[in-house]
Amino acid sequence: MLDVLSQPWPWYIAGPLIGLMVPALYIFAGKAFGISSSLRHACAAVLPSKAAYFNYNWRQKGLWNLIMALGIVIGGFIATTLLANPNPIALSDATITDLSALGLTNFNGLVPAEIFNWQNLLTPVGFLMLVLGGFLVGFGARYAGGCTSGHAITGLSNLQKASLFATLGFFIGGLLVTHFVYPILF
Amino acid sequence: MTTESTTTEAPVLRATGMLMYLAMGIVFGIILTKSEVISWFRIQEMFRFQSFHMYGVIGSAVLVGAVSTLLIKRFDVKTLSGDPIEINDKPYQRGYNQWFGGTTFGLGWALTGACPGPLYALLGGGVSVIAVVLFCAALGALAYGYLKPSLPH
């Protein structure tokens, strides 16, 4: 059993399971599935703030979301220890060729070890990708009113125009970085 | 993720309820990790249109989510505790915040190779520097909270 679970899960298993998070959360808890609001709740919980955006009862509205985020951390730990896949990710040859051309050599693990490390934080590339990148994820998700889970999964599942535009925005931004910023960056 | 949930909550959140959210988070974290969608490499593969994997995951997730949402509405499904399920519309004004915010998010998505759910999973997966990314994401949310009144929505 563990052997099977330890293999990478194909999209047609993982995708439907992620989709089921939507009704599961509605039925078990009456909540709309989404993750990025945890960032807002964390701010509201930690900082006494004058901004109206953070003035609400975060325990009542957001504690569940923060607990779920903690669960995801634990899930990530379980999946990379108990259920670890010993082999590198089976990326397409084209991607490996493209990323090699940018100078990446290590394709093991979940993230490029050459960039994602503490020493790299203060280099221009590391700062841009990790510090600025993180900031943009948080800022953009809250500005758009959701991230890939809240808009691209839950919102699109509910045929929301707002979610369609937000998701198109996600891809516009991602394509800009991938095809115009990375060639300059590396 | 919207949290504009208007579901009424018992004044005292029960520990069992919180354990359920924890369990759902754990399951979600395992799925995200085992399907490799938390991989920076997979996100690059997606934005380069070089594999169907990410599109398959997102597409089938939306399909299953949409059919489920439709069935919940159609049959007026109740929550386990018997309350009606409120499925709220995503607030929409002129679309400026979806386009500007969405594109901003996309820039960060490709730079970090992760959206918020995967960031949590990567942290649990032992990529410790992700703590900095998450902290900066929270700073981004904080900045938005302060700038919200002066941004176009």
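Which side chain does B:R48 meet in a salt bridge? The partner is A:D98, with N and O 3.4 Å apart. A salt bridge here is a side-chain nitrogen of Lys or Arg within 4 Å of a carboxyl oxygen of Asp or Glu.

This is a predicted model, in which local features need pLDDT of at least 70, side-chain atom pairs count only at pLDDT 80 or more, and totals for chains, interfaces and linings use all residues. Residues are numbered from 1 along each chain as its sequence is written, chains are lettered from A and ligands numbered from 1 in the order in which they are written, and side-chain values use heavy atoms, with hydrogens and water left out.

**Chain A as a whole**

- Chain A has eight helices and zero strands. Helices (H or I, at least four residues) and strands (E, at least two) are DSSP runs, numbered from the N terminus.
- Read from the N terminus, its elements run α-α-α-α-α-α-α-α.
- Its C-alpha atoms fill a box of roughly 50 × 45 × 35 Å along the principal axes.
- Chain A has 186 residues, and 55% of them count as buried. Buried means under 20% relative accessible area, exposed over 50%, and partly exposed in between (1.4 Å probe, protein chains only).
- Among contacts in chain A with a separation of 6 or more, 48% join residues 24 or more positions apart. Contact means heavy atoms within 4.5 Å.
- Chain A exposes about 7,900 Å², and carbon and sulfur atoms supply 71% of that area. Accessible areas come from the Shrake-Rupley method with a 1.4 Å probe; for residues, only the protein chains shown count as cover.

**Where chain A meets chain B**

- On the chain A side, 131 residues are in contact with 114 residues of chain B.
- The two chains bury about 11,000 Å² between them, and carbon and sulfur atoms give 75% of it. Buried area is the accessible area (1.4 Å probe) that two parts lose on being put together, summed over both.
- In chain A, the residues that lose the most area to chain B are A:W11, A:L110 and A:Y143. Together they make up 8% of what that side buries.
- The rule finds 32 residue pairs in polar contact across this interface, both at pLDDT 80 or more. A polar contact is a pair of N or O atoms within 3.5 Å; within protein, one must be able to donate a hydrogen and the other to accept it, and residues adjacent in sequence count only if both atoms are side-chain atoms.
- Helices of chain A that each supply at least two residues of the side touching chain B include α2 (11-29), α4 (58-81), α6 (124-144) and α8 (161-185).
- The largest share of that side, 19 residues, comes from α4(A).
- By type, the chain A side divides into 81 nonpolar, 42 polar and eight charged residues. Ala, Val, Leu, Ile, Met, Phe, Trp, Tyr, Cys and Pro count as nonpolar, Asp, Glu, Lys and Arg as charged, and the others, Gly among them, as polar.

**Salt bridges**

- The count over all chains is four salt bridges. One pair crosses between chains, from B:R48 in the loop between α2 and α3 of chain B to A:D98 in helix α5 of chain A.
- Across the interface of chain A and chain B, the rule finds one salt bridge.
- B:R48 counts as buried, at 14% relative accessibility. A:D98 counts as partly exposed, at 27%.
- B:E45 and B:R42 form a salt bridge, their closest N and O atoms being 2.7 Å apart. They are three residues apart in helix α2 of chain B, so about one helical turn separates them.
- Both partners are buried: B:E45 has a relative accessible area of 2%, and B:R42 is at 6% relative accessibility.
- B:K78 forms a salt bridge with B:D76, with the closest N and O atoms 3.4 Å apart. B:K78 is partly exposed at 38% relative accessibility, and B:D76 is partly exposed at 48%.
- Salt bridges with shared partners join B:E36, B:R42 and B:E45 into one network.

**Positive phi outside glycine**

- A:L159 is not a glycine, yet has a positive phi of about 55 degrees. It lies in the loop between α7 and α8 of chain A. At 72% relative accessibility, A:L159 counts as exposed.
- B:F49 is not a glycine, yet has a positive phi of about 55 degrees. It lies in the loop between α2 (40-47) and α3 (53-74) of chain B. B:F49 is exposed, with a relative accessible area of 54%.
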